[in-house]
Amino acid sequence: MKRVELPEWLSAALPEQTVAPAEVARAARSQVESLGLPGPRDEEWRWTNLRAIQRGRFNASTGAVGADIEPSTRLPLENPVRLRFVDGVFQGLPDDLPTDVTITALADADEASRVAAFSPKPAPSVDNPNDALVTLNTAMAREGVVIDVAASAVIERPIVIEWLDGATESVMSHPRILVRLGQSAAATLIEHIETVGDQPIWRNSVIVASIAANAALTHIALGLDGDARLATERSFAELDRDARYYNYNVQLGGQMIRREYDIHVGGSGAHTDLFGLMMPRGKQVLDTHTRITHAAADTTSNEHYRTIVDDSGRGIFKGRILIEKDAQRIEAYQSSNNLILSDDAEIDAKPELEIYADDVKCSHGATIGRLDDEALYYLQSRGVPEAAARNLLIAGFAQEVIDEIPLVELRDWLTEHVEQRLVEQIARSERNA
Amino acid sequence: MALLEIKNLHAEIDGKKILNGIDLTVNAGEIHAIMGPNGSGKSTLCNVLGGHEGYEVTQGSITFDGHDLLEMETEERAVAGLLLGFQHPVEIPGVKNIYLLKEALNAKREAQGLDEIDTFSFMKQVRELVASMDMDDSFLHRGVNAGFSGGEKKRNEILQMLLLEPKIALLDETDSGLDIDALKIVSASINRMRDEERGIILVTHYQRLLNYVEPDFVHILYEGRIVKSGDKTLAQRLEAEGYQDILEEAS
């Protein structure tokens, strides 16, 4: 038995009723005990483990609507549509939704939408240890929303999901989000992730995105500082013909963050971009796994991840690209560049290509290195002191991912935020030295 | 007044002796050309002056503007006014040129007890210099040397020098690999920097640069020592006769 038994406190917390359709919830509930949690002997969980969660004794969130919690970070966004979740509890619909956008609490959604929210592609499988967490989410989900964007609508206002966790101590939540873009629609979804308390919390969230023909979803995740956060976050995206999914995953904090993406590039002409930046420090473990499936011919993907690890932090990236048998004329590129700043830091990077078609252009590369001494020397030779020169190089390394983010205000804010963080890091190291 | 005084300088890298007793004095207002065949120690001399950690000075002294240069960190040398133009400037993608220029200028101003430069004056000054180097403004927002051609990299080195106005400019093979148009721009800029207060050292492999920038002194470096010094005619002889005759004559 590779997996770890479901802790008793977790079994005891299984609710009678969830927002999943009754049949789906029943099936999930009957499986969670036998699925347990992924354990360290699962290949997919070699580098990250859920011990902190097993030992955590988290309580299901009972938070109420109307919690008086604001994020401490104000993102510079133009008139965003805010969907706030405090400890996983949805705080209600904003008053001024753009026309062409419909947002419904999952509990109030029609049966078909609830079925869709709980039927991602690929369907959760008992053989995949990662899916145990999705099944658990299904069995536990009490909250969630359905976001619908009408066909041909171009939504300028970003839709922001604020995950504010930690208003109550030792809370866990299992929210579920469904995003559906109609044909030729365009929208931007931003996850603003912040931990408000300093006691450990656990969020096990699932986002299911369905992108119709010729539609484009931009999905940005910003995991901000907060050492108390344990999170297992799963995103599914299903792309129809000529659809685009642009993903930017920035993780700057959390005790243990495991983020997973399943991108199903299922219609010809579809394209996905995946850019990632992770910067663990202290004892943080920041882990992203991506799986891109090219299931149709003439599809493309482009993936670029960067990790910068300091102190005893750990950065993990695993990227799998699967090209199915009849998916010809595919272009798929992946790179993972990693910067290691301290002797105690660790990086695990693993590309995985599985190609069954023969007319394919596919490449991947991974690098792990330290700061370039010659570049440091060059900057110092221009009068820049060593510590500042180091930070310039680190910020420059991060900047190449930040520069890809399409929202200019957010890009500038993030550039500054990362610089500020590096300045703090000098002070932290000096304190510890 | 001697800006730079090198006495009996010996240096090695990874235990291998490269410099074997260099003596050189550069006064304010002078241009010195240091020439020598491959492997004679030209780049080692530049790196020792720049403060590269890989080189160890085993003997001798260097005095720069009254300070013991060997006691100074690389960045201290730079803000004190010694600037090295690299033979192979490193590419630093992600760090924008404009950013480096501002950091470098402010580091120097801070060392002089001046406030940070205001953005408006800075941009004005930088734009003028960029135009004078026949470069495009867009270069300022590209990564430092990232994806630059060889000629663009060398122009960038000169641009930094024009902005930072060093007391000693040490140019390591700045002319190598330049086509004639770029060479003319680079040498015009070096001539512009030539003044009473400043010393310039041109380390070069080719005599051609000296047709455009006329040196006061020419030194031949060979096996880690200056084996012959003279005026600009020495460079012309070198061009006409090659190293062999001159080296034989010197020994």
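In what order do the four strands of the open sheet in chain B come, and is the pairing parallel or antiparallel?

Modeller: A bit of housekeeping first. This is a predicted model, so local features need pLDDT of at least 70 and side-chain atom pairs count only at pLDDT 80 or more, while totals for chains, interfaces and linings use all residues. Residues are numbered from 1 along each chain as its sequence is written, and chains are lettered from A, with ligands numbered from 1, in the order in which they are written.

Now to your sheet. The order is S2-S1-S4-S5 in chain B, and the pairing is antiparallel. Strands here are DSSP runs of E with at least two residues, helices are runs of H or I with at least four, and both are numbered from the N terminus. To pair, two strands need at least two DSSP bridges between them. Strand S2 (16–27) and strand S5 (67–68) of chain B sit at the edges, each pairing on one side only.

Further in, strand S1 (residues 2–13) and strand S4 (residues 55–64) of chain B are joined in the antiparallel sense by eight bridges. If you want one of these to click on, Ile13(B) has Tyr55(B) in S4(B) as its bridge partner. Helix H1 (residues 42–50) of chain B packs on this sheet and touches S1, S2 and S4 of chain B. For touching, read contact: C-beta atoms, placed from the backbone, within 7 Å. H1(B) makes about 70° with the direction of S2(B); axes are lines fitted to C-alpha atoms (for helices, over the stretch in contact), and angles run from 0 to 180 degrees between N-to-C directions.

Chain B also has an open sheet of six strands, S6-S9-S10-S3-S11-S12, and here the pairing is mixed. Strand S6 (82–85) and S12 of chain B are at the edges with a single partner strand each, so one side of each has no neighbour in the sheet. From one strand to the next, the twist averages 20°.

Look at the S12 end. Strand S11 (residues 217–222) and strand S12 (residues 225–230) of chain B pair in the antiparallel sense over five bridges. Val218(B) is bridged to Gly230(B) in S12(B), and Ile220(B) stands opposite Lys228(B). The hairpin of S11(B) and S12(B) has two residues between the strands, and Glu223(B) takes a positive phi near 50° there. Helix H9 (residues 243–250) of chain B lies across S11 and S12 of chain B, at about 100° to S12(B).

What about the nonpolar side of things? The largest nonpolar core has 188 residues, and Ile211(A) and Leu170(B) have the most contacts inside it. Such a core is a set of buried Ala, Val, Leu, Ile, Met, Phe, Trp, Tyr and Cys residues joined through C-beta atoms within 7 Å. Buried means 20 or more other C-beta atoms within 10 Å of the residue's own; exposed is 12 or fewer, and partly exposed is in between. Setting aside neighbours within four places in sequence, Leu170(B) is in contact with Cys46(B), Leu49(B), Leu82(B), Leu83(B), Leu84(B), Gly85(B) and Ile201(B).

Key: Two residues are in contact if their C-beta atoms, placed from the backbone, lie within 7 Å.
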